[in-house]
Amino acid sequence: MVLAVLKRLGLLAATMLVVSLVVFLLLEATPSSVAIKVIGPYTTAEQQQLWLEQNGYLRPVGERYVEWLGRFLTGDFGESIRFKAPVAEVLWPRLWNTAILGLTALAVIAPCSILLGVIAGIREGSPADRSISVASIVTTSLPEFASAVFLAGVFVFWLAWLPGTSSMAEGWDWRQLVLPVAVLVLYDLGYVARMTRASMVEVMATAYVRTAVLKGLSRARVITHHALRNALITPFTVLTLHINWLLSGVIVVEAFFAYKGFGALLLEASLNQDIYLIEACTMVAVLVAVATQALADIGYRLLNPRLRGT
Amino acid sequence: MSALLSIRDLTVHYRTRRGPIPAVDRFSLEIREGDSVGLVGESGCGKSTVALAIMRYLGTNGRVAGGQILFRGRDIATLSPRALRDYRGGEVAMVYQEPTSALNPSMTAGQQLAETFRDSDPRSVRATVREALAEVQIGDPERVAAAYPHQLSGGQQQRVVIAMALLSRPKLLVLDEPTTSLDATIEAGIIDLVGVLQRRHGMAVLYVSHNLGLIRQTCRRLVVMYAGQAIETGDTERLLVRPRHPYTAGLLACLPRPNSHKQRNPLHPIVGQLPPPHALPPACRFAPRCAFASPGRCDTLAPSLVESDAGSVRCIRATEIDLSIPPPSPEEPNYPTTNDVVIAARGVRKTFALPIRGFAELFRRRRLTANDGVDIVARHGETVAVVGESGSGKTTLARLIAGLDTASTGEIVVLGEDVARTPVADRRAALRSTLQMVFQDPNDTLNPSHSVARQISRAIRKLGSPTLTASARRAEVARLLSLVRLPPDVASRLPDQLSGGQRQRVSIARALAGSPQVLLADEPASALDVSVQAAVIDLLLDVQRRAGTTLVYISHDLAMVRYLADRVYVMYRGRVVESGPVGALFAPPYHPYTEALLSAIPSVDGPSDQRIVLSPAGQAPGRGCPFAPRCPRRTGEICDTTPPPVQCPEGDHMFSCHLTPDDLGRRQAMPSREGR
C-alpha cells in the first residue's frame, strides 16, 4: 500500500514535469513572441531585442527552461502584465476565494447527492426513485448560465432577497456566496446522485446482499453494513474528481456573478495574453487535476480491500 | 415423522414486459425432519425459484400467484417482518451457487459470521466464530476469520458460507448448486462435509442441482422438474435405476457411464431445448422433445402427476412405454486416425511475473511457474485430454499451443513448425486456420452486438476463403450452421437471443470456418447443462469423425474424459504427473493424484463410498514431488526431497512416483483406507 502511494506520487511528479515542459515550449520557445506580449505589439524591433537581452531570453532554450522550472518550484512566477504585480500575489488570493466557493458547494453536494442517490437506489423503480431520477436529469441538463439567469431572476430581481453580484467589494459577505453556490449545487448534485443511485442499484442486486437478507439481518443493517459500504466507492471517486472541476472549472459562474475567483482570473489572463499569469494558472490547474486524481486513486484502493495488497 | 416443510400447489409468476410468466406451476413437495431431498432439472426449469420461494425471497418482480408454503404448519406468507427474519436466520438457511459473490467483498469472513448473532460479548463471539469455522473443517480458523473473501480459495469460501448458514442451527438447509463452480476434488470434500453436518445436527437438506451423480450420493428422495412442473418423484435409487418419465431417462442417457466409451456407446442428448415460459406447449410440456410422444394424445391431453408406491410421475404413457432399452445408435462410430504427429510439445515452460509487493521485489520479481517442462503429443484424428484441478496449468498449455501466450522455454511443434515463441498474430495464415480454439464460456466469446452470420462470415474471411462472394459466403455460413445442427434462421440473431448451448454451437461453427485439423477445446461444456453438454460433446465427436480432426480436450470432468479421450495427460502444478491411453490410465496402477481425481467423480451407478478427499492445495511443494504435501500415499521423506522417477508400467503409459507400479497396484486394489 505504501509502495502504491509512493508510486502514485512519483507518477504525479512525472506528469507535472511533462506538463511544465509542454507549457514552456508552447509559450516561451520563441522569445520574440514573449517580448511582443510583455512590452506590447507597437514596440520597435530594437526595443524588443534590448528587452530580450536584458531578461536573458537570448540564452539556449534548455538553460532557460531549467531556470524557469527552478523559479516555479520556489513559487516565483514572474510579474503579471495586467495587474502590474507579482503573479503569486494575484494568484493565491483568487485561488483561496475559489476554494471557499468550491468547498462550500462540495459540502452541500456530497451529503445531499449521496442521500438522494441511496434513497433512490434502495428500491429501483419506486416512486421515490423515479422522482429523484427525473429531477436529477432536469437539473443536470440545465447549463450553468441558464440556471444562473433563472436564479438571479427569481432571488435578485423578483424577490430581491439576495445581491446579484458577488464581487465582495465591501468586504466578505456570505449572502453574496449563496447564488454562486446554488448554481454549482444545482448543476452537480443530480449527476453525483445518479452515479450513487446506479451504484446502489447494482449493489442491492448482488448475491452478497441477498446472503445478508437471508441471514435474517434487519433491513437497516443490510443497507448500512453491506450495501452502503460497497456502493459508496463509486460516488467517492466521482466526488474527488469533482474537486478538480470545482476549483478550476467554475469560469461561467464566477464570470456571471463577478466573483473574484480563480476561474475568472484564468479568463482575464487569457483575454489579455498575460503570459506569466497564464503559465502560473495552467500549472496550478494541472496540479489540482493531477492531485485530485491521485487522491481518488489512493482512496479507491483504501475502500476496496481487493486492491489493498497490490 | 411430521412434515417440516410442505409446499402445496405453489405457483410463482415473474412480472416481465410481456406480462406475467409462470416460472413454477402447481408444485408440491414435502420435506420431513432430517430428510434429504434433491431437486433436479435443466437451468430455467424453476428449481432455483422454488428454493428462493422457500426463503420467501422472490425479488421485486416475483410473486406467489397460488398455493402456499407451510413451515411446521405455519404459512410463511403470513409471517411478520420480525418473524420472517427469525425464520430466515434461524429455521431455514441457504447455501449458494457462487460462494465468491455470495460473500461481501469488503468485510472479513469473521465479521460476516459474527454479525448473525446478537451476543454482545466480543470474546464469546470470537470463540463461536472460531468453533463454526472449525466445524466446517477449516484448518486455521484464526487466519480465515481475519481474511477477506478474495484471499480465500473457492472451497474455503463455500465452507465459510456453510458455516454462516449453520450458525443458528437451522432445521432445513437449502443448497442451490453448491459445488457447480468448484473443482471435483473440492466438491467431494464439500459434499462429504454437508453429509456429516446433516447427520450431526439432524437437519433436513434440500439439494438443488443439475448433477445427478452428486444428488445420488446425498439425497434419499428426488424430485425432477421440467418447465416449472414436477414431472417425476421417487426414491433416489429407484428413480436413477428405473426412471419412469422419458425426461428423467433422457437426463440419465446424457451422462457418460463408467464403462462406456465413445467407440461403443454414444451419448444420447435430449433433442431440442426447454420451451420458454411464455410459449409452453399446451398439453404435456415435454412432448415436443419426447421420443415416446404419441401424436393425438401427448399433444392434447395435459398429464397430471399420478401417485403410486414408487413415487409419482407426470406422463400419460408411463405404464405403456419401456425406458430400459436405449434407442439404437444410428451408425457404428468410426474414428479415422493415423500415426502422423500433429502437435508435439517438448519441455514447455511458462512463467508469469507476479505483481510487485514490497521494495525488494522491484528488483527481483517473483514468478509463477504455470507450466514446468510439459511434454505432450497429439496424433491425427486423436482425442487427447488434459486434466487437472484449476491452477494445474492446463489452460496455460492450451493458450501456448494456440499462440495466445508464448512459452518461456521449450518447443511446440504444430504440423512440423515450432511455434512455441510465435504469437498467433505472427503465425502463417494456414497454420492459424488449421488450429482453432473453443472456449469455456460462450457468453464471453461471442460479440454481443454482432449477428451470428456476421461473426461466422468474418471467421470465413479470416480463416477460410477470403475471396468468396457475398452470396457464396452466405451459403457457407448456412453450411457451417447445419454442421453444428442449428437451424438456418439462427444466422440473423444476436447472441443474446440464443441459449447457452446454441451459443457454444455458434462458437464451434466459427472455429470450424477454416476447416481446422486441430481443435483445442478448453472446458467447452462445463458451463452448460447436462443435456446440452451431451449435445455439444456429441457434436465435437461428429466433427472429428467426419474430418479426422485432432481434438485437444481440456477438462476437469473425468467422467467425460474417460468417455471421449483416446489418451490422457494428468497435470499437477504445471507438470504432467501421469499420461497414457485412456484404458491404462483409468485402471490401477495409477498415480495417487489420478486416483484421487477418479474417486471424486460423482457417478449415477456403481459403488460410491470410496472417495479420497484431498486437503486443499496451497502448501508450496519442496524440491521433491509436487504432489507430496497432499498425497495420501506419501511414503516418507524421499517424496519431499527427491523428484520422483518417471515409471513406465506398460506401453506408453507412464507416471512419476516413488512407488513402483506393483506397489501402487497392490495398494490400489484394496479398498482405500482413506475412503469413507
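1. A salt bridge between the chains. In this predicted model, the side chains of B:Glu115 and A:Arg221 form a salt bridge, with an N to O distance of 2.9 Å. The interface of chain B and chain A holds 2 salt bridges by the rule applied, and the pair B:Glu115 and A:Arg221 is one of them.

2. Polar contacts. Across the interface of chain B and chain A there are also 10 residue pairs in polar contact, with both residues at pLDDT 80 or more.

3. What chain B supplies. On the side of chain B that touches chain A, helix H2 (81-91) and helix H3 (99-102) of chain B each contribute at least two residues. The most comes from H2(B), which gives 3 residues. Sorted by class, this side of chain B has 13 nonpolar, 8 polar and 5 charged residues.

4. Extent of the interface. The size of an interface is often stated as the accessible area lost when the parts come together. For chain B and chain A the buried area is about 2400 Å², and carbon and sulfur atoms give 61% of that area. The contact draws 26 residues from chain B and 21 residues from chain A.

5. Helices H9 and H10 of chain A. A pair of packed helices is described by the angle between the axes and the distance between them. Helix H9 (residues 207-214) of chain A packs with helix H10 (residues 219-231) of chain A at an angle of about 170°, and their axes are 10 Å apart. Angles over 145 degrees count as roughly antiparallel, so H9(A) and H10(A) are roughly antiparallel to each other. From H9(A), the residues in contact are A:Tyr208, A:Val209, A:Ala212 and A:Val213; they meet A:Val222, A:His226, A:Ala227 and A:Asn230 of H10(A). By class, the contact of H9(A) with H10(A) has 6 nonpolar and 2 polar residues, and no charged residues.

6. Helices H2 and H3 of chain A. Helix H2 (residues 31-39) of chain A and helix H3 (residues 45-54) of chain A cross at roughly 105°, and their axes come within 10 Å. H2(A) is therefore roughly perpendicular to H3(A). On the H2(A) side the contact is made by A:Pro31, A:Ser32, A:Val34, A:Ala35, A:Ile36, A:Val38 and A:Ile39. On the H3(A) side it is made by A:Gln47, A:Gln48, A:Trp51 and A:Leu52. The contact of H2(A) with H3(A) has 8 nonpolar and 3 polar residues by class, with no charged residues.

Notes:
Residues are numbered from 1 along each chain as its sequence is written. Chains are lettered from A and ligands numbered from 1 in the order in which they are written. This is a predicted model: local features need pLDDT of at least 70, side-chain atom pairs count only at pLDDT 80 or more; totals for chains, interfaces and linings use all residues. Side-chain values use heavy atoms; hydrogens and water are left out. Contact means heavy atoms within 4.5 Å. Buried area is the accessible area (1.4 Å probe) that two parts lose on being put together, summed over both. A salt bridge is a side-chain nitrogen of Lys or Arg within 4 Å of a carboxyl oxygen of Asp or Glu. A polar contact is a pair of N or O atoms within 3.5 Å; within protein, one must be able to donate a hydrogen and the other to accept it, and residues adjacent in sequence count only if both atoms are side-chain atoms. Helices (H or I, at least four residues) and strands (E, at least two) are DSSP runs, numbered from the N terminus. Ala, Val, Leu, Ile, Met, Phe, Trp, Tyr, Cys and Pro count as nonpolar, Asp, Glu, Lys and Arg as charged, and the others, Gly among them, as polar. Axes are lines fitted to C-alpha atoms, for helices over the stretch in contact, and angles run from 0 to 180 degrees between N-to-C directions. Angles under 35 degrees count as roughly parallel, over 145 as roughly antiparallel, 65 to 115 as roughly perpendicular and the rest as oblique.
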